[in-house]
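Student: I would like to learn how to read a structure from its computed features. Where do we begin?

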Amino acid sequence: MSYKNEITVPLLDLKAQYQTIREEIEPVVKEVIESQYFILGPKVKEFEENVANYCRVPYALGVSSGTDALLIALMALNIRPGDEVITTTYSFFATAGSIARLHAKPVFVDIDPETYNIDPAKIEEKITEKTKAIIAVHLYGQMADMDPIMKIAERHGLYVIEDAAQAIGSEYKDGRRAGSIGHIGCFSFFPSKNLGGFGDGGLVTTKDEELFTKLTYLRNHGAHPKYYHKMIGGNFRLDALQAAVLNVKLRHLDDWTAGRQSNADFYDHGIKERGLDKWITPPVRREGYRHIFNQYIIRAQNRDELLKYLKAHNVGCEIYYPVTFNNQECFRYLGYKKGDFPKAEKAAAETLAIPIYPELSYEQKNYVLDTILDFYQK
Ligand SMILES: Cc1ncc(COP(=O)(O)O)c(C=O)c1O
């Protein structure tokens with residue numbers, strides 16, 4: 001294939017984002033350095049209040065990562081060895097890993113093949129007398145179907161954790177935001193997230209004051225007051241430097257989200273316009289939801305070859321995720337077989353993330369689509 005204007009489109013370009021906020025970031029970082037107040041403190045508190053408002057939830061608590069957000073949430077809900085926690089088989093590893101780390105049993109459920117989120121219709125058949133909680137993941141930035149999940153949980157007396165690591169600001173019906181529906185919401189500020197720090201960071205949200213207090217203790221080894229431990233927690237604290245950076249970035253989040261959504265519209269339209277929908281399927285957006293497009297996921301014929309071709313032509317792309325939990329070696333002890341979750345396993349074999357970050361230029365977006373077209377027409 002001949003490329004007249006071969007260009008580079010990374011999957012994510014954090015340097016481009018940084019150029020737009022450098023002048024706001026540098027003074028607040030300097031302020032933290034001058035204060036020498038590095039752990040928790042006023043910057044973290046201010047950030048927690050801002051995120052609570054943003055997520056439309058009364059309480060938010062900054063923690064060390066999205067993984068630790070899940071872990072501390074399960075600890076706060078008293079998940080113990082032998083308890084069962086139901087979740088999707090298709091997510092980032094931390095969703096299932098955090099359950100197993102507490103020696104509880106992850107119990108997997110297949111996905112809705114359109115949204116890639118847990119299929120609520122398949123949850124109830126997995127409930128036993130050992131089931132204590134459900135973790136719903138809002139994958140790629142679109143929320144799981146929370147109303148039926150909450151109804152099932154109420155009927156069986158279960159807790160619901162929202163893994164909103166990829167979904168800050170995404171909305172379900174009636175403007176309910178990720179992290180405001182279940183008992184605890186878990187967020188990640190890993191740099192590739194829509195709201196990404198300068199390192200690891202995370203946060204938990206809750207509507208329940210008692211849970212919030214318990215989470216606060218667990219974040220700091222379960223101490224209350226200092227050096228007196230009624231419970232065993234860990235070091236799950238958020239750094240002041242991260243909070244300072246994230247406070248600045250939060251002010252831009254809605255603009256960035258709008259940029260991602262507009263890029264998604266561009267791709268949706270461009271796929272149809274080029275007749276690419278013969279080979280690839282764009283993401284499905286549920287009516288009335290706010291999809292924040294942490295990832296733009298296509299289903300593609302001959303996916304693995306397409307990935308190679310795109311990379312060879314300098315288009316960043318990635319498979320999220322190539323292996324479902326039931327097929328992970330470390331979960332073999334759970335006794336699942338290949339093929340137990342056909343919809344998720346098909347998604348793992350067919351999907352691909354293409355660049356969607358807000359700073360993408362018109363030329364870059366066209367280049368991505370044209371390169372896909374070249375692949376199928378070659
Ligand atoms: C769905 C999901 N859950 C949990 C995590 C874990 O977050 P972190 O990388 O901040 O530990 C991530 C992000 O990587 C994620 O995408």
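**Burial, core and ligand shell**

Tutor: Buried residues, those with 20 or more other C-beta atoms (placed from the backbone) within 10 Å of their own, make up 46% of the 378 residues in the protein. This is a predicted model, in which local features need pLDDT of at least 70 and side-chain atom pairs count only at pLDDT 80 or more, while totals for chains, interfaces and linings use all residues. Residues are numbered from 1 along each chain as its sequence is written.

Student: Which residues have the most contacts inside the largest nonpolar core?

Tutor: In soluble globular proteins, nonpolar side chains tend to be buried together. A nonpolar core is a set of buried Ala, Val, Leu, Ile, Met, Phe, Trp, Tyr and Cys residues joined through C-beta atoms within 7 Å. Here the largest one has 105 residues, and Ile72, Ala73, Ala133, Ile134, Cys186 and Val204 have the most contacts inside it. Helix α3 (residues 66-76) gives this core its largest share, eight residues; helices are DSSP runs of H or I with at least four residues, numbered from the N terminus. Domain 1 (17-250) and domain 2 (253-377) each contribute at least three residues to this core, with bounds from an automatic or database domain assignment.

Student: Which residues are closest to the ligand?

Tutor: A residue is near a molecule if its C-beta atom, placed from the backbone, lies within 6 Å of it. The ligand is surrounded by 15 residues, and Ser65, Gly66, Thr67, Ala165 and Ser188 are the closest. At least two residues of this shell come from each of α3 and α4 (94-101).

Methods:
A residue is buried if 20 or more other C-beta atoms lie within 10 Å of its own, exposed if 12 or fewer, and partly exposed in between; C-beta atoms are placed from the backbone.
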